[in-house]
Amino acid sequence: MELTDLQDRFIDELSGGQRQRAYIAMVIAQDTQYVLLDEPTNNLDIYHATQMMRMVRRLCDELGKTVILVLHEINYASFYSDFVCAMKDGKIARFGTVDEVITKEVLSSIYNVDFEIMRVGGKPMTIYY
């Protein structure tokens with residue numbers, strides 16, 4: 001669905017995925033250098049969450065925006081980010097490149113669960129148990 005299909009509807013009439021896309025469109029229209037997003041994939045199904053992350057990545061790559069976002073999905077952070085700031089107890093536990101932060105040792109110490117890391121498409125992807 002294109003955003004133009006949503007132009008005659010009020011924001012509170014939109015589904016979660018439609019609303020998220022409308023908010024991103026508003027951010028793009030404001031043309032700010034920095035974009036701050038708080039859990040942009042929250043309440044989205046896998047398809048729409050992945051589309052959202054692809055759109056966010058395009059904001060960086062194609063429009064030169066600096067995007068800072070809060071995510072609880074580690075694999076989205078790993079696959080779509082350049083840098084990761086991992087938090088624990090409200091404090092920065094580790095900041096660095098994806099490869100510096102998304103490691104078995106770092107994540108296990110932050111989350112207190114066992115992690116395995118696999119490489120998919122050149123990126124570290126997590127399995128936790």
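This is a predicted model: local features need pLDDT of at least 70, side-chain atom pairs count only at pLDDT 80 or more; totals for chains, interfaces and linings use all residues.
Reader: Which residues make up the covered face of S1, and which the uncovered one?

Author: Val35 and Leu37 form the covered face. Tyr34, Leu36 and Asp38 form the uncovered one. In a regular strand, side chains alternate between the two faces of the sheet.

Reader: How many residues has the largest nonpolar core, and what makes it a core?

Author: It has 15 residues, and Leu37, Val67 and Tyr76 have the most contacts inside it. Helix H1 (16-30), strand S1 (34-38), helix H2 (46-63) and helix H3 (74-80) each supply at least two residues. H2 gives the largest share, five residues. Such a core is a set of buried Ala, Val, Leu, Ile, Met, Phe, Trp, Tyr and Cys residues, joined through side-chain atoms within 4.5 Å. Buried means under 20% relative accessible area, exposed over 50%, partly exposed in between, with a 1.4 Å probe and protein chains only.

Reader: Which residues is Val67 in contact with, leaving aside its neighbours within four places in sequence?

Author: Val35, Leu37, Val56, Leu59 and Cys60. Contact here means heavy atoms within 4.5 Å. Another core, of ten residues, lies apart from the largest one; among its members are Val84, Ala86, Val101 and Ile102.

Reader: How many cavities of 30 Å³ or more does a search of the whole structure find?

Author: One. The space in the largest cavity is about 40 Å³. Its lining consists of Gly17, Arg21, Leu44, His48, Gln51, Met52 and Met55. H1 and H2 are the elements that give two or more residues to this lining. H2 has the largest share, four residues.

Reader: What is the volume of the largest pocket, and why is it not called a cavity?

Author: About 800 Å³. On a 1 Å grid over the protein atoms alone, a cavity is a set of points where a 1.4 Å probe fits but cannot get out, whereas a pocket is an open set with protein on both sides within 12 Å along at least five of seven lines; lining residues have an atom within 4 Å of a point. This pocket is lined by 28 residues, and Leu69, Ser81, Phe83, Val84 and Cys85 lie nearest its centre. H2, S2, H3, strand S3 (83-88) and helix H5 (104-111) each give two or more.

Reader: How many helices and strands are in the protein chain?

Author: Five helices and six strands. They are DSSP runs, with at least four residues (H or I) for a helix and at least two (E) for a strand, numbered from the N terminus. Of the 129 residues, 35% count as buried.

Terms used:
Residues are numbered from 1 along each chain as its sequence is written. Side-chain values use heavy atoms; hydrogens and water are left out. Grid points are joined across faces, edges and corners, and a volume is the space filled by probe spheres set on the points.
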